[in-house]
Amino acid sequence: MPRHKLIASESDVRIEVDEGKDNEFSLYYVEVEENSKGGKEKQATRDGKRRRERNGEVSRRRASEKRSTEMSNKRAEKKHEKHHKTTRKEGEKHRKKQRRNADEEEAEEESSKEKKNIKNERTKTLKLEDEKEKDVKKKRKKHVKNEEDDANPGKTKQKDCQDVALKEKKKKRKKPETTSESESNSDSESKDNQAVGVLGSLTPEELEKLKEAVDERKKLITTLKGKPWPMKKKLVILRESQEFVEKYEGALGKGKGRKLYAYKVMMMKKWMKFQRDLENFKTACIPWEMKIKEIESHFGSSVASYFIFLRWMYGINMILFGLTFGLVMVPEALMGKPYGSMSRKTVPREEEASAMNFAVLWDFGGYAKYSVLFYGYYNNQRAIGWLKFRMPLSYFLVGVGTVAYSYMVVIRTMARNANEEGGGDDTSFNFSWKTFTSWDYLIGNPETADNKFACITTSFKEAIVEEQESKKDDNIHLTRFLRVLANFLVLCCLAGSGYLIYFVVRRSQKFALEGLENYGWWERNEVNMVMSLLGMFCPMLFDVISTLENYHPRIALQWQLGRIFALFLGNLYTFIIALMDAIQLKRAEEEIVKKNMTIWQANLYNGTMPDNSTALPITVHPGDVPRGPCWETMVGQEFVRLIISDTMTTYITLLIGDFLRAVLVRFLNNCWCWDLEYGFPSYSEFDVSGNVLGLIFNQGMIWMGAFYAPCLPALNLLRLHVSMYLQCWAVMCCNVPQERVFKASGSSNFYMAMLLVILFLSTLPAIYTIVSIPPSFDCGPFSGKNRMLDVIQETLETDFPAWFGKVFSYASNPGLVLPFLLLLVLAIYYLQSTSKTYKRVNMELKKKLQTQNEENKKKNKLAALKTANELEQARKAGEQHSNSASDLGENTQNSEPPVSSTHTTTRPPASRGHTASGHLPGHPQQPQKNSHSNRR
Amino acid sequence: MVSPAIALAFLPLLLTMIIRYRYYFVLLYRAVLIRWVRDCLTGLSREERAFQYILTHATPGDAQSILDTFDHWCSKVEFISNIGPKKGKILDRLLQEHCPITVLELGTHCGYSTVRIARSLPIGARIYSVEMDERNAQVAEKIIRLAGFDEDMVELIVRPSDEVIPRLREDFGVERLDLVFMDHWKRCYLPDLQLLEGSGLLGEGSIILADNVIFPGAPNFLRHARRSGLYEVRVHRAMLEYIRGIRDGMAELTFLGIK
């Protein structure tokens with residue numbers, strides 16, 4: 001502790017020296033004089049250390065008070081100052097010595113002030129005294145103990161005056177013993193006696209000062225960030241003032257109050273620490289937060305935004321999974337009929353041999369197909385198990401509920417994000433925005449920072465060029481032509497990919513008709529392969545084409561996103577159209593099976609009837625029963641396969657395209673004839689837009705297929721989980737930061753909008769199939785019904801009391817529904833128009849602010865000009881004045897002249913800083929220039 | 001058997017690659033294919049063909065004319081990796097700023113850069129130009145002489161650079177190198193730099209100018225230069241000479257002296 005303290009106080013001294021030497025000197029002098037004259041404060045100081053600490057503060061304040069008086073007789077003072085410098089040096093010596101002493105004497109602190117006075121008065125007798133003091137200390141130690149013993153138990157009620165008075169008495173009692181050796185003892189003692197009365201009032205003053213000092217330190221801590229100091233100095237000051245505050249904050253109260261105060265402060269600190277820990281704990285609880293932060297620091301916020309999006313998606317899928325798993329899959333598995341009890345729950349006889357093969361399972365055939373994972377396994381029994389769980393209803397409601405929940409979440413997020421965007425574009429302060437807001441403060445990697453720096457520089461250049469070009473607008477035709485050409489090329493590309501998928505799907509139908517068993521893996525997976533490959537390569541082509549257009553990168557990114565979106569959507573819809581065709585085929589097949597079924601049943605009964613008519617109903621193994629093709633399971637299977645192949649492609653691309661490439665580049669670089677790392681293959685960049693779109697479309701497929709394959713959310717959850725880790729690893733391991741790092745803030749809502757569109761587009765076909773296509777006759781929870789929707793009607797009729805059904809039928813009466821819809825439309829219209837009004841008002845307010853700002857600027861400019869003129873005049877006058885008086889002094893520090901006196905009242909010791917920071921008074925031309933340059 | 005549809009799906013990738021790396025394909029065509037064809041047709045080396053062209057088209061004794069003809073030949077007829085007019089300007093500016101007395105050039109090739117350096121050197125300055133290949137050296141000598149620089153000014157050394165550098169002091173009496181221009185094998189940049197450091201020929205303020213540090217690139221060289229702390233490194237970014245769209249740069253290293 002003492003060693004530490006010493007360092008702190010030394011730095012304190014240094015800072016004072018930095019801030020204002022000459023002031024400090026004079027102040028010190030003043031103080032010394034006071035001390036030597038008065039000597040009252042001698043006993044008032046309870047501890048020398050604090051006193052020393054305070055010295056600076058007190059003296060500064062004194063100085064500022066004195067300042068005004070000093071100003072008048074400054075010339076004379078200056079003479080003194082020389083003198084002061086010498087005394088100052090001496091003073092410093094003393095201080096150091098004292099500090100040494102302080103190191104030695106920790107317990108007794110009362111004597112230091114006294115010593116100081118003595119020393120100041122007679123430095124020559126110091127050595128003598130030092131020896132004596134050692135004796136004194138021992139005595140005092142005892143004394144202090146006594147004092148504490150006295151004070152602690154009895155002093156609870158006593159006020160500080162009494163406290164001090166008591167101390168004084170004790171001191172008095174003690175003084176004769178302790179200081180009797182020194183020569184000046186007698187007179188100082190007598191002064192002590194006189195001063196007893198005064199001391200009571202002095203201590204609170206001191207306390208007041210101390211409080212002020214503490215407050216000042218606190219203020220310093222809060223404003224330290226904005227100070228134009230080097231970081232080293234800031235750190236030193238911060239540490240030191242924190243220590244100061246910590247040390248003396250507790251000492252401010254009195255008696256019981258002090259303890260309470262100290263306790264309060266301590267509790268406050270504990271509480272704050274606890275809060276901080278809690279905050280840390282919370283952060284640690286957010287999944288993958290640290291990982292994402294690390295990525296953010298390396299790659300900027302745009303890459304991190306992808307991972308945040310991924311996490312958000314993971315959360316949504318978690319809930320979807322919870323719904324389907326908890327309300328559909330688990331009840332069916334636990335309470336539904338077991339496997340093998342019905343034909344829909346059994347693998348058909350002809351497939352049984354291969355049902356457990358890995359290849360079949362991997363394709364989600366065999367046992368996987370006849371399990372809770374798919375629609376077809378579920379029974380149409382109205383209520384299952386002892387809970388009377390309404391399985392078909394639950395199935396239907398979960399299907400609807402997942403979609404409804406997704407809509408809700410997406411729209412809510414969009415609305416929340418919409419608040420963050422300011423209304424209207426701010427093109428008026430383009431360069432200011434660029435200057436002040438373009439840095440990404442989350443970057444912590446030097447390479448990324450370099451990239452960002454370069455990016456900002458280029459963006460400035462581009463903006464300047466744009467600004468210039470907006471005025472002359474030549475070559476607009478060429479740009480237009482190129483843009484049209486680029487779009488044409490992209491359209492060609494889209495059409496080509498669409499046709500290719502169409503072609504492949506047609507071919508696969510042909511294969512399917514001929515029987516898939518005759519074809520190899522390639523033919524069977526052709527559709528998925530082609531879709532994945534096109535989805536992977538076409539964006540690259542778009543990217544290359546988009547360089548033709550010469551857009552700003554942010555706009556270019558949006559175009560790119562739009563194009564990829566179109567591509568994916570086209571692919572998906574081609575796929576869905578093909579599926580619809582397949583559904584029609586299956587339904588035709590189903591009709592035939594239905595017919596055959598009756599024939600088969602008739603045969604069965606015909607064959608067995610004659611033997612014994614009273615026998616048990618014939619039991620046929622469920623595997624042998626003829627069954628329909630069950631188009632719902634087929635759809636579910638297709639989606640699951642698509643998801644699996646998509647995931648596989650993503651991971652394989654990641655491993656080959658990123659990891660293998662990185663490995664090759666890294667290790668071949670040592671023996672290659674050009675620079676692989678910076679040259680041709682290089683490391684890959686993280687493709688934010690492509691990945692986000694992949695995620696969005698993946699989600700779209702989940703929404704589409706989840707109704708027919710309840711396992712889809714689970715699969716997706718797994719996929720997201722794996723890809724979180726895999727992609728985090730891949731990004732950190734084999735990607736380099738983008739050359740053009742830009743912030744992601746603007747695009748988040750764009751992604752959300754895309755998600756919404758995809759959600760809508762993916763629910764369309766699902767709703768269409770649910771509403772318009774009759775379900776299969778022998779599989780799934782809705783088998784035997786005309787439409788899947790009928791399950792609601794059925795529930796209403798059977799599970800609710802009759803009046804409820806009546807009410808419902810009344811409520812669904814068009815006479816009621818239509819007005820309600822009308823009301824809804826009206827409400828929407830009203831809300832929309834009010835929001836528009838608010839927006840307009842906001843814009844107007846903004847404009848007003850801008851104009852006000854400009855006016856203020858003008859005013860300030862005028863004022864600055866005026867003051868500059870005045871200053872110049874003042875300076876001229878001052879120069880004349882000083883010239884006339886220059887015979888007196890060789891004043892090298894000319895910072896005092898008339899102007900700085902205004903500053904000294906607020907921040908006395910900063911005169912050196914003033915001279916350094918701004919030659920405001922000295923050179924009136926400069927500020928003018930500065931103000932101009934700032935404005936532009 | 002892979003179906004044609006899957007093969008067709010790779011078409012966008014192919015197109016992307018072609019469009020993105022078109023400049024490299026052009027470079028490949030010009031620097032390798034044309035050279036090979038011409039070599040077979042004429043039986044002369046590329047450098048000799050360049051010399052013939054210059055002999056017939058340039059004004060002897062006029063360095064500028066020779067450089068211009070060289071540029072024309074390299075950009076219009078065939079491709080030789082010289083320093084080129086744009087990066088040459090950077091070189092010229094450096095020479096004007098520093099006025100080096102002793103210059104070491106590693107990799108003379110056809111003498112283009114030698115002529116370029118020699119014409120802006122002060123009187124009494126001397127270039128030591130190192131070339132490994134015998135035939136290239138002959139062509140370079142002819143071109144240098146054609147430009148009107150004699151042996152006092154340009155000393156052509158036909159030996160590998162790693163043999164020459166340690167013996168510069170003994171064999172040629174060089175005390176200090178003011179400028180080192182590197183344009184030979186990119187792989188040799190780093191060892192040669194280390195040899196130069198070891199030889200003690202570099203003094204404070206000596207400049208090392210290395211061409212093609214970005215394409216084809218000398219990453220190890222740059223890394224060493226940045227990390228060793230011996231140099232102040234500046235990379236002048238420019239384009240590869242005589243061809244569009246390929247980024248390249250020259251590294252300017254100022255030797256700070258060993259402390």
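## Chain B and a helix pair

The accessible surface of chain B comes to about 12,200 Å², with 58% of that belonging to carbon and sulfur atoms (Shrake-Rupley method, 1.4 Å probe). This is a predicted model, in which local features need pLDDT of at least 70, side-chain atom pairs count only at pLDDT 80 or more, and totals for chains, interfaces and linings use all residues. Residues are numbered from 1 along each chain as its sequence is written, chains are lettered from A and ligands numbered from 1 in the order in which they are written, and side-chain values use heavy atoms, with hydrogens and water left out.

Chain B has 12 helices and 7 strands (DSSP runs, H or I of at least four residues and E of at least two, numbered from the N terminus). Of its 259 residues, 53% count as buried (under 20% relative accessible area, 1.4 Å probe, protein chains only).

Now to two of its helices. The axes (lines fitted to C-alpha atoms over the stretch in contact, with angles from 0 to 180 degrees between N-to-C directions) of α4(B) and α8(B) come within 9 Å and cross at roughly 15°. The pair is therefore roughly parallel (angles under 35 degrees). Here are the residues that meet, where contact means heavy atoms within 4.5 Å:

| Helix | Residues in the contact |
|---|---|
| α4(B) | Glu47(B), Glu48(B), Phe51(B), Ile54(B), Leu55(B) |
| α8(B) | Arg135(B), Asn136(B), Val139(B), Lys142(B), Ile143(B), Leu146(B) |

Over in chain A, Arg507(A) sits in helix α19 (residues 476–514). Arg507(A) is buried, at 18% relative accessible area. Leaving aside neighbours within four places in sequence, Arg507(A) touches Glu526(A), Ser3(B) and Pro4(B).

Note on methods
Angles under 35 degrees count as roughly parallel, over 145 as roughly antiparallel, 65 to 115 as roughly perpendicular and the rest as oblique. Buried means under 20% relative accessible area, exposed over 50%, partly exposed in between (1.4 Å probe, protein chains only).
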